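Please keep the sequence and the model at hand while reading.

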Amino acid sequence: MSSTPDCPHPSMSQMPSCQVVSNALSDYLEDVLSDGDRLKLEDHFAACPLCLVYLDQFRTIYHITGEVPSEQLPHDFNEVMGKAIRLWKAELEDQD
Amino acid sequence: MRVSHPKDLDVAQRISAGDEGAAEDLFRNLSGEMFGFVRKMLGGDPALAEDVLQEAMVGILRSMNKFDGRVRLRSWMYRILRNKIVDAQRKRGREPVFSVGDPEGDRYDAHGSWQKGVTIQPWNENAEVLDVVRRCMELLPHNQREALHLLAVQGIPAQEVATILEMNYNNLRQTLHRGRQSVRRCADQALGNLPEEGQA
């Protein structure tokens with residue numbers, strides 16, 4: 001099966017493949033790549049419209065998954081905690 | 001033995017000696033995030049989450065005399081909580097699914113380029129991406145979901161998440177990345193850009 005024509009083919013260029021680019025996106029967004037690797041990815045994005053859209057979507061996912069709000073404690077949390085502590089204390093007393 | 005967290009060890013020793021006040025303080029500080037984690041991992045069932053949290057609290061108190069201060073007390077508590085969550089899932093007939101593969105692996109050719117016919121369209125700016133992403137997070141394999149929730153939802157530093165999950169830092173980074181890729185693909189399907197699984 002041939003590759004998507006618009007994207008650089010790794011066997012015909014020094015650029016990383018689309019799969020390599022996809023697998024490096026967290027490192028790219030967290031800026032932990034070497035300058036050389038970051039430039040290779042950016043050259044790939046300039047030549048590959050699919051990976052450029054993929055990057056945009058991945059960036060959205062990266063940020064949203066970091067912003068899911070935490071849950072509120074149940075209103076009867078004191079009861080939940082109190083019961084746990086009572087069970088534990090009863091076991092301690094049984095051991096004495 | 002090297003004690004890396006002497007304050008945590010002191011709290012644990014007070015609780016082990018039967019100090020109810022120390023136990024209450026500990027749970028009041030951490031139960032909000034722990035409850036949130038349980039709910040996310042169990043699909044938002046609040047009654048079940050309360051039961052699992054309570055069971056985990058009892059388990060934590062029972063085992064407190066085994067805490068040795070080598071890891072943070074919070075990390076040690078989360079390990080117990082994780083086990084209770086898996087137990088609860090199994091009781092409901094849901095064996096946790098673990099995945100390490102590339103979620104997009106079937107869409108590349110032999111050279112790692114997108115296969116001919118693959119399309120990746122920008123998402124509609126008006127689409128309910130946030131809701132879709134939340135739903136997609138609930139569908140993630142167990143290992144990716146707990147890693148993403150611990151890091152992103154609970155705000156625990158990555159090194160500590162690795163300690164909780166008992167994996168090395170590089171494996172955690174890989175698991176997080178796979179989780180984000182899985183969420184992106186799921187969101188793309190939900191937003192109409194990809195055929196549903198099995199129809200490709």
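Why does the largest pocket lie between domain 1 and domain 2 of chain B? Both domain 1 (6–91) and domain 2 (105–190) give residues to its lining, and therefore the pocket lies between them.

Before the details, some conventions apply. The model is predicted, so local features need pLDDT of at least 70 and side-chain atom pairs count only at pLDDT 80 or more, while totals for chains, interfaces and linings use all residues. Residues are numbered from 1 along each chain as its sequence is written, chains are lettered from A and ligands numbered from 1 in the order in which they are written, and side-chain values use heavy atoms, with hydrogens and water left out.

The pLDDT is the predictor's confidence in each residue, from 0 to 100. Chain B averages 89, and 94% of its residues score at least 70. Helices here are DSSP runs of H or I with at least four residues, numbered from the N terminus.

The two domains of chain B, whose bounds come from an automatic or database domain assignment, have centres separated by 27 Å, taken over C-alpha atoms. In domain 1, 16 residues are in contact with 15 residues of domain 2, where contact means heavy atoms within 4.5 Å.

The largest pocket is lined by 15 residues; Gln89(B), Arg94(B), Glu138(B), Leu140(B) and Arg145(B) lie nearest its centre. A pocket is an open set of points on a 1 Å grid over the protein atoms alone, where a 1.4 Å probe fits, with protein on both sides within 12 Å along at least five of seven lines; lining residues have an atom within 4 Å of a point.

Arg82(B) belongs to helix H4 (residues 73–91) of chain B. With a relative accessible area of 17%, Arg82(B) is buried (buried is under 20%, exposed over 50%, partly exposed in between, with a 1.4 Å probe and protein chains only). Beyond its neighbours within four places in sequence, Arg82(B) is in contact with Phe37(B), Glu146(B), Ile164(B), Leu165(B) and Glu166(B).

Glu166(B) sits in the loop between helix H7 (158–165) and helix H8 (169–190) of chain B. Although Glu166(B) is not a glycine, its phi is positive, at about 55 degrees, and at 57% relative accessibility Glu166(B) counts as exposed.

Note on methods
Helices (H or I, at least four residues) and strands (E, at least two) are DSSP runs, numbered from the N terminus.
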